[in-house]
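Thanks for sending this one over.

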Amino acid sequence: MPVFASDEGQPSVIPEIMESVEAGGSSGAAEKPVSGQPEEGQSQQEDVPGEAVETSGKALPASAETSGTEETGESAAQPESSVQGAEESQGENTSSQGSGVQADLGITAQAAILIEASTGTVIYEKNPDEALRPASITKIMTLILIFDAIRDGRISLDDQVATSAYAKSMGGSQVFLEEGEVQTVETLIKCIVIASGNDAAVTMAEYIAGSESEFVRQMNERAKSLGMESTNFEDCCGLTDSGTHLTSARDVALMSRELITKYPEIENYSTIWMENITHVTNKGTSEFCLSNTNKLLKMSNSFTVTGLKTGSTSLAKYCLSATAKKDGVELIAVIMAAPDFKVRFSEAASLLNYGFAGCKLYTDSDENREELPKLPVAMGVVPEVSLRYGGEFSYLSTNGEDFSAIERQISIPEKLEAPVQEGDIVGSLTYMLGGKTLGTVDILAAESVEAAGFGDYLGWMWQSLLM
């Protein structure tokens, strides 16, 4: 009989399914609830709730993390900002329209945020910049670095990776890797995404960077590049009790957005409910069942859940970064420091339902646009240059605008002067709705044109004489 990974990191013959899974979820003996099990390294320490205090939602320094006190309070105004990564593709435009007053969704978690993935538009927020303990949500950044390494060709999914004694020693949620045990990179990704294996996360950190400490340095460097201003990582799995291993709901949304938009293949792993892996060690061969810690996957919803990552310890309480799709819109809901494991899922579902009910996404790409003309180039080695659009355009509406009324306006000069470099911005495509500018996309030179020299002019004169 295969062994299952339980959320507290001890083997169980059946996976834990939370009691709040709705009737539309799967049923069966293999999914019978197991009560009283803390998740992902959580100790039996009882959380002590403090007096609720309304906060402004402004960013707090790392040292402002409080102990044993729970602050709650929702921002009063509807946010009109966008959560943007530092590595946007050239020409991509994002735009949003706020709806005035933020809805009261009754969120009891310490912090929360809801964003649209393609634009980064913030739809709802509560204490989004408060620095809090992330627990295993930390592993989102670990996964970003793993997929970065795969993209760069430094590692491959088929690589064989050995587990060190240090990685084996990790407590909390784990898949019980033995020292010297070898698994593929892809199997270890599954162990991290599905079962939140701390031992698997450290094994990959050591494989990529040589040590966990160097990997954590790279995590913080990557976080800085994404504009994660409230984040400081001190391990690669979130098991640490350190009071300075912190991030914010906004920063979790930032790194979640980076992972799902840059590496959409993560969905192939984050949507797996259960899967067996095989341990081959000196003790012999055994089957081990990975059971997904994201119970939102089995709840009955009007949207499609695509991930992403859970986290909880006695200090961090219950955290979740949930991703979902519906009608071409993809949302990210982040819950930080929820009071119990049921609340983190129910409140994430509430955020997603709220977002999908009020959001429409307009997108425009080259296949729907008019063909750009060639521009004359003065004093160049060739007389004209081709043009291209700088990228797709996305606009998120929360007000139910009529997208059929959107107008496009192309602005380009009559001619250019050499030299022209490929990628130079030479004009713009502006999107208008009801007299309001929604955003623009750059129009770029599709090729380079060097300035003509003396020899070029002599050649042209000689050709004209021969004609």
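1. **Ground rules.** This is a predicted model, in which local features need pLDDT of at least 70 and side-chain atom pairs count only at pLDDT 80 or more, while totals for chains, interfaces and linings use all residues. Residues are numbered from 1 along each chain as its sequence is written, and side-chain values use heavy atoms, with hydrogens and water left out.

2. **Overall content.** The protein has 9 helices and 20 strands; helices (H or I, at least four residues) and strands (E, at least two) are DSSP runs numbered from the N terminus. Of the 467 residues, 53% are buried, where buried means under 20% relative accessible area, exposed over 50% and partly exposed in between, with a 1.4 Å probe and protein chains only. Among contacts between residues at least 6 apart in sequence, 68% join residues at least 24 apart; contact means heavy atoms within 4.5 Å.

3. **Helix α3, a buried element.** How many of the 9 residues of α3 are buried? The count is 8 of the 9, so α3 is largely enclosed by the rest of the structure. The buried residues are Val185, Thr187, Leu188, Ile189, Lys190, Cys191, Ile192 and Val193.

4. **α3 against α4.** Two packed helices are described by the angle between their axes and the distance between the axes. Helix α3 (residues 185-193) packs on helix α4 (residues 198-209) at about 135 degrees, with the axes 8 Å apart. Axes here are lines fitted to C-alpha atoms, for helices over the stretch in contact, and angles run from 0 to 180 degrees between N-to-C directions. The two helices are therefore oblique, given that angles under 35 degrees count as roughly parallel, over 145 as roughly antiparallel, 65 to 115 as roughly perpendicular and the rest as oblique. From α3 come Val185, Leu188, Cys191 and Ile192, which meet Ala200, Ala201, Thr203, Met204 and Tyr207 of α4. By class, this contact has 8 nonpolar residues, 1 polar and no charged; Ala, Val, Leu, Ile, Met, Phe, Trp, Tyr, Cys and Pro count as nonpolar, Asp, Glu, Lys and Arg as charged, and the others, Gly among them, as polar.

5. **α1 against α3.** Helix α3 also packs with α1, at an angle of about 160 degrees and with the axes 11 Å apart. These two are therefore roughly antiparallel. On the α1 side, Lys139, Leu143, Ile146, Phe147 and Ile150 meet Val185, Ile189, Ile192 and Val193 of α3. The contact holds 8 nonpolar residues, no polar and 1 charged.

6. **α1 against α5.** The axes of α1 (residues 139-151) and α5 (residues 212-225) come within 10 Å and cross at roughly 95 degrees. That makes the pair roughly perpendicular. Met141, Thr142, Ile144, Leu145 and Asp148 of α1 touch Phe215, Gln218, Met219, Arg222 and Ala223 of α5. Here the classes are 6 nonpolar, 2 polar and 2 charged.

7. **The four-stranded sheet.** An open, antiparallel sheet has the order β15-β20-β19-β17, with pairing taken to mean that DSSP finds at least two bridges between two strands. Edge strands β15 (387-389) and β17 (407-411) each have a single partner, so one side of each is left without a neighbour in the sheet. The twist averages 30 degrees from one strand to the next. Strand β17 pairs with β19 (residues 425-433) over 5 bridges, and Arg408 stands opposite Tyr431 in β19.

8. Strand β13 (residues 375-378) runs parallel to β18, joined by 2 bridges, and Ala378 stands opposite Glu417 in β18. Elsewhere, 8 bridges join the antiparallel strands β7 (residues 274-281) and β8 (residues 284-291), and a hairpin links them through 2 residues. Thr278 stands opposite Glu287 in β8.

9. **A loop residue to look at.** Ala103 lies in the loop between β2 (11-12) and β3 (111-116). Is Ala103 buried, exposed or partly exposed? Its relative accessible area is 22%, so Ala103 is partly exposed. Ala103 and Tyr354 are 251 residues apart in sequence, and their C-alpha atoms are 8.9 Å apart in space.
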